[in-house]
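Subject: A structure for you to look at

Hi there,

Here is the structure I promised to pass on. Please open it next to this email, and then read on for what turned up in it.

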Amino acid sequence: MKIPFIDLKRQYDSLPGAVNDVFSDIITNSSFVYGQAVQEFESSFSKKLDNFHTISCASGTDAIFVALKCLGIGAGDEVLTPAFSWISSAETISLCHARPVFVDVDPDYYTLDPARIEKCITRKTKAIVVVHLYGQMAQMDQIMELCERYRLFLIEDCAQAHMSRLKGKVAGTFGHVAAFSFYPTKNLGAYGDAGCVLTSDDQLAERIRRFANHGALQKNDHLIEGMNSRMDTLQAAFLLMKLPFLDAWNESRREHASLYSSLLSDIPEVRTPSVLVDSVHTFHIYALRARDRDSLQQFLLENGIQTLIHYPKALPNLKAYRLLGHRPGEFEVAGAMEKDVLSLPIFPELQTEEIHYICQKIKAFYQK
Ligand SMILES: *Cc1c(COP(=O)(O)O)cnc(C)c1O
């Protein structure tokens, strides 16, 4: 058997002919930027997310950046963010000329550890960028309480958490503002780069919309300087077509995850993901903690199974952050994770037999 980490062709094959129609419609209409599909996607996405404002932009990274920028984050400010994440949640802080302050993650849930936040807060702290890593909700009750107490902005990075929920409330509706990515492999993915910002704050929504379009809400009316971060009409049309499938796709991911977890439960060398109580995990990533991770990954590859590592380095250990001067071992959980996390294939179209095969091989590896 050959099992890729993700197979977007299977998704394409399951979308009945619509993809090619969407493509030729947009080409025929030649409305490539700010076409009708962009507004349609924004309003459909808003409807799904408690009627918050959706402001489409060019990528998930841009979404975090424009959100921080429009909240006024700038030079001299500090922003707390998890030590274990994709680089976007930290580099966007630096892009605003502020300083990312890394906080270690929770040993069970791998999201920002609320118990470690308070001692990182200084007079300069302005905001927290929280990441719902792998599709798991961060511990928002405690984090929101701290944000209120210290008057901090709360930005949710929902790039891996489309429709994840905590106590019934959907990811992206907890903080002042949230960022989503529609990178092709995300739970809702375009056929290229795309992202959006979500907020219930009318004024902030308008500022973000203006900033992401050269500081102008109407052509040539440049109130401020901004940037070009827009979602292509083509990507919006693809997303609009895929959006109705998102809930069913997430459900399939959850089923796959629970099958993995039950089949792997009797292997002492691996630890399967824990799900935060009262939450709905969307399993963008199904990450194990595995003993002899590198040899296991090699063994699985030799058996036709492609796995990935999210992420091979904790952020403070990247060369890019050497300047911050962190010691190795300073972030205990993040530092351990970079050595033993392993992401198994997970996508809605993955077959039950494939999951059984993968789990058999993992068992076989530890019985060698
Ligand atoms: C994918 C991702 C982003 C960035 O999204 P892009 O659309 O690739 O710019 C940000 N944060 C996290 C946690 C991500 O996984």
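First, a definition: on a 1 Å grid over the protein atoms alone, a cavity is a set of points where a 1.4 Å probe fits but cannot get out, and a pocket is an open set with protein on both sides within 12 Å along at least five of seven lines; a lining residue has an atom within 4 Å of a point. For volumes, grid points are joined across faces, edges and corners, and the volume is the space filled by probe spheres set on the points.

Please keep in mind that this is a predicted model, where local features need pLDDT of at least 70 and side-chain atom pairs count only at pLDDT 80 or more, while totals for chains, interfaces and linings use all residues. Residues are numbered from 1 along each chain as its sequence is written, and side-chain values use heavy atoms, with hydrogens and water left out.

**Cavities**

The structure holds four cavities of 30 Å³ or more. The largest cavity has about 80 Å³ of space, and its lining includes Ile6, Asp7, Arg253 and Glu349. Sorted by class, that lining has five nonpolar, three polar and four charged residues (Ala, Val, Leu, Ile, Met, Phe, Trp, Tyr, Cys and Pro count as nonpolar, Asp, Glu, Lys and Arg as charged, and the others, Gly among them, as polar). The second largest cavity has about 60 Å³ of space. Tyr109, Tyr110 and Tyr134 are among the residues that line the second largest cavity, and its lining has seven nonpolar, three polar and no charged residues.

**Pockets and the ligand**

The largest pocket has a volume of about 580 Å³. Of its 31 lining residues, Trp86, Tyr183, Thr185, Lys186 and His284 are the closest to its centre. The elements that give two or more residues to this lining are α4 (60-70), α5 (88-95) and β8 (177-181); helices (H or I, at least four residues) and strands (E, at least two) are DSSP runs, numbered from the N terminus.

Where does the ligand sit? The ligand sits in the largest pocket, where sitting there asks that more than half of its atoms lie within 2 Å of the grid points. Around the ligand are residues including Ser59, Trp86, Asp157 and Lys186, each with a heavy atom within 4 Å of it. This shell has three nonpolar, seven polar and two charged residues.

Which polar contacts can you look for (pairs of N or O atoms within 3.5 Å)? A ligand oxygen is 2.8 Å from a polar backbone atom of Gly60, and a polar side-chain atom of Thr61 lies 2.5 Å from an oxygen atom of the ligand. For Lys186, an N or O atom in the side chain is 3.0 Å from a ligand oxygen. Taken alone, the ligand exposes 380 Å², and the protein buries 91% of that (areas come from the Shrake-Rupley method with a 1.4 Å probe).

The second largest pocket has a volume of about 220 Å³, and Arg99, Phe102 and Glu330 are among its lining residues.

**Two backbone details**

A cis peptide bond joins His310 and Tyr311, with omega about 15°. Tyr311 is found in the loop between α10 (293-302) and α11 (332-340). Asp50, a residue other than glycine, has a positive phi near 55°, and Asp50 lies in the loop between α3 (36-48) and β1 (53-57).

Happy exploring!

Conventions
Polar contact = N/O pair within 3.5 Å; in protein donor to acceptor, adjacent residues only side chain to side chain.
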